[in-house]
Amino acid sequence: MEPSRILIIDDEPVICDGCCFVLSEKAYSVDACQTGREGLDTLLRGKYDLALLDLKLPDMDGMEILRIVKNDKPDVYIIIMTGYSIVKNAVEAMKLGAFDYLAKPFSDDELIFAVEKAIENKRLKEENLSLRKQL
């Protein structure tokens, strides 16, 4: 089975590098973008299972990226990452279709748990759809 593809969209190089390292160690295929526009273009053009998306990007609002992706590629799961952990933002992101919400700084274990939960949920959903088609 092919490894799950993950895109990290964050303007902080240390977050991108850290997430890439941790997730690559778990055998995921990981790419990173440091601007909202580059991340959105990459996500819309590529075949990704999951995106880790920062809410505060210098060139584009993370909520806007979330809206566009959920509209154009609803099968891509999104985990929001932010250093501005406000309940209102978390609720809005979940209403817009985000799968989960990580408050920075987060541990490697928190990252791995959130990603594994999202990938497993996606796999089960796809398996369910496949079985329904067979019936």
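**One residue and its surroundings**

Guide: Leaving aside neighbours within four places in sequence, Leu-50 is in contact with Arg-5, Ile-6, Leu-7, Val-76, Tyr-77, Ile-78, Ile-79, Val-115, Ala-118 and Ile-119; contact here means heavy atoms within 4.5 Å. The model is predicted, so that local features need pLDDT of at least 70 and side-chain atom pairs count only at pLDDT 80 or more, while totals for chains, interfaces and linings use all residues. Residues are numbered from 1 along each chain as its sequence is written, and side-chain values use heavy atoms, with hydrogens and water left out.

Leu-50 belongs to strand E3; strands (E, at least two residues) and helices (H or I, at least four) are DSSP runs numbered from the N terminus. With a relative accessible area of 0%, Leu-50 is buried, a term for values under 20%, whereas exposed means over 50% and partly exposed lies in between (1.4 Å probe, protein chains only). Although Leu-50 and Ile-6 are 44 residues apart along the chain, their C-alpha atoms are separated by 4.9 Å.

Leu-52 touches Ile-6, Leu-7, Ile-8, Ile-9, Cys-19, Leu-23, Ile-79, Met-81, Leu-111 and Val-115, residues up to four places away in sequence not being counted. Leu-52, Leu-111 and Val-115 touch the most other members of the largest nonpolar core, which has 23 residues. Such a core is a set of buried Ala, Val, Leu, Ile, Met, Phe, Trp, Tyr and Cys residues joined through side-chain atoms within 4.5 Å. Two or more residues come to this core from each of strand E1 (5-9), helix H1 (13-25), strand E3 (50-54), strand E4 (77-82) and helix H5 (108-134). A second, separate core of 22 residues includes Leu-40, Leu-57, Val-69 and Val-76.

Next come the two helices named above. The axes of H1 and H5 come within 10 Å and cross at roughly 60°; axes are lines fitted to C-alpha atoms, for helices over the stretch in contact, and angles run from 0 to 180 degrees between N-to-C directions. At this crossing, Cys-19, Val-22 and Leu-23 of H1 meet Asp-108, Leu-111, Ile-112 and Val-115 of H5. The residues of this contact divide into 6 nonpolar, no polar and 1 charged, where Ala, Val, Leu, Ile, Met, Phe, Trp, Tyr, Cys and Pro count as nonpolar, Asp, Glu, Lys and Arg as charged, and the others, Gly among them, as polar.

Helix H5 also holds Lys-122. Lys-122 counts as buried because its relative accessibility is 6%. Beyond residues up to four places away in sequence, Lys-122 touches Asp-49, Asp-75 and Tyr-77.

Strands E3 and E4 also receive the buried residues of helix H3, which pack against these strands, helix H2 (36-45) and helix H4 (87-95). In H3 (residues 62-72), Gly-62, Met-63, Ile-65, Leu-66, Val-69 and Lys-70 are buried. They lie on the same side of H3 because they cover an arc of only 155° around the axis, the arc being that of the directions from the helix axis to the C-beta atoms.

In H2, the buried residues are Gly-36, Gly-39, Leu-40, Thr-42 and Leu-43. These cover an arc of only 165° around the axis, which puts them on the same side of H2. Their cover includes E1, E2, E3, H3 and E4.
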